[in-house]
Amino acid sequence: MEMKIRRAAVLMPVLVALAVLTGCGEEKSKNLADIKVEKYLTWNSAYTGLSLTVAPKTEVTDEMIEETLVSALAGYVTSEDGIKDRAAELGDTVNIDYSGKKDDVAFEGGTAANQSLTLGSGSFIPGFEDGLVGVMPGETVDLDLSFPTWYDNDELAGQAVVFTVTVNYIYPATTAEIPDDVVSWYTNGEYTTMEDFKVYCRDYLEYNADYQYSSAKEAEVIRVLETIVECEKVPDVLVEKYAANVRASLERQAAQYGVDVETFCTYYYRTDSESYTAQVAEASARQGMMFQYIANKEGLNVSDEELDESLQRFVEENRLESVEVLLADTDKEEFREYFMFEKVVDFVFENAQVTEY
């Protein structure tokens with residue numbers, strides 16, 4: 001299954017693909033906790049007291065929520081819900097029909113219906129957008145304009161034309177102008193009022209801010225740790241386990257795009273599947289083994305009780321059906337490793353000298 005984990009962006013090769021490559025063939029167990037990782041790793045300096053640099057966590061504001069909701073919902077407003085009781089103003093996004101004519105003859109590309117245009121954006125030729133300021137929805141106006149001399153159509157460059165434009169309605173610019181019906185339609189009835197949807201939006205943005213900050217922490221911890229540790233070999237048994245997971249992940253991603261694995265890798269990763277698997281797996285192996293090393297040294301391995309608690313929390317945070325469904329086609333031990341990785345990242349970060357930029 002494609003694990004829907006909250007903090008997978010940076011540690012995706014370790015936490016989702018869980019891929020590891022190359023080895024010495026001495027180990028029997030496929031679980032990191034059972035591998036004697038100490039004999040494969042050489043540390044050049046301590047993993048505590050590291051200098052880490054990350055961007056500060058994003059603060060979610062009311063303005064951010066407003067902008068997000070207007071951006072998400074305004075485009076779904078129709079003529080039935082659009083604003084029609086005031087004239088269009090500079091900065092408004094309007095829905096228009098228009099027809100352009102030169103010498104009373106319609107020219108190619110000059111006619112369209114139900115087009116969105118933000119007045120003041122400079123998307124249309126000079127004078128077009130200014131000519132719609134003050135026009136009431138439902139009103140039709142003729143705009144006497146000229147194409148600029150630098151226009152890329154030689155037949156129209158510098159020519160006088162007339163655009164007949166009807167303003168159908170104005171798109172909402174604030175959440176107060178978006179009807180609750182739009183919220184209900186957009187969320188399939190899960191939220192029926194804008195106020196309820198704002199609460200959800202705040203939760204989502206704060207969740208996303210946590211995710212982005214966690215990703216930044218993880219990326220920086222991995223980056224710095226990899227500069228102080230050497231890993232010459234990885235057990236073959238881990239190769240067999242994680243390379244298969246990488247290939248399975250590639251198959252799922254390719255299926256989502258409706259292409260085969262090789263086509264997906266060529267266009268998405270600019271390489272063939274075998275090379276990609278080897279590259280991702282080897283990097284993941286080194287990361288996984290160095291995390292396991294720190295977990296062993298600092299007592300950060302996940303107990304059975306912790307694992308059960310973490311799985312339940314994981315299911316609730318990701319709005320999954322149940323732990324049983326989550327584990328239907330995923331080895332429980334893979335989650336034990338995932339939660340161990342989280343603990344190690346937090347430990348290294350908390351025991352580092354952190355600078356925000």
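Begin by selecting Asn31, which in this predicted model sits in the loop between helix H1 (8-15) and strand S1 (41-43). Asn31 counts as buried because its relative accessibility is 18%, under the 20% cut-off.

Next, select helix H5 (residues 236-257) together with helix H7 (residues 273-298), whose axes come within 10 Å and cross at roughly 130 degrees. That angle makes H5 oblique to H7, and the crossing in which H5 passes H7 is right-handed. To see the contact itself, show Ala243, Val246, Arg247 and Leu250 on the H5 side, which meet Ser273, Tyr276 and Thr277 on the H7 side. Coloured by class, the residues of this contact between H5 and H7 divide into 4 nonpolar, 2 polar and 1 charged.

Then turn to the largest nonpolar core, a set of 48 residues in which Trp43, Leu225 and Ile294 have the most contacts inside the core. Helix H10 (residues 332-350) contributes the largest share of this core, with 10 residues. Centre the view on Leu225 and, again leaving aside neighbours within four places in sequence, display its contacts: Trp43, Tyr47, Leu50, Met290, Phe291, Ile294 and Val348.

As background to both stops, nonpolar side chains in soluble globular proteins tend to be buried together.

Technical notes
Residues are numbered from 1 along each chain as its sequence is written. This is a predicted model: local features need pLDDT of at least 70, side-chain atom pairs count only at pLDDT 80 or more; totals for chains, interfaces and linings use all residues. Side-chain values use heavy atoms; hydrogens and water are left out. Axes are lines fitted to C-alpha atoms, for helices over the stretch in contact, and angles run from 0 to 180 degrees between N-to-C directions. Helices (H or I, at least four residues) and strands (E, at least two) are DSSP runs, numbered from the N terminus. Angles under 35 degrees count as roughly parallel, over 145 as roughly antiparallel, 65 to 115 as roughly perpendicular and the rest as oblique. A crossing is left-handed if the near helix is turned anticlockwise from the far one by less than a right angle, and right-handed if clockwise. Contact means heavy atoms within 4.5 Å. Ala, Val, Leu, Ile, Met, Phe, Trp, Tyr, Cys and Pro count as nonpolar, Asp, Glu, Lys and Arg as charged, and the others, Gly among them, as polar. A nonpolar core is a set of buried Ala, Val, Leu, Ile, Met, Phe, Trp, Tyr and Cys residues joined through side-chain atoms within 4.5 Å. Buried means under 20% relative accessible area, exposed over 50%, partly exposed in between (1.4 Å probe, protein chains only).
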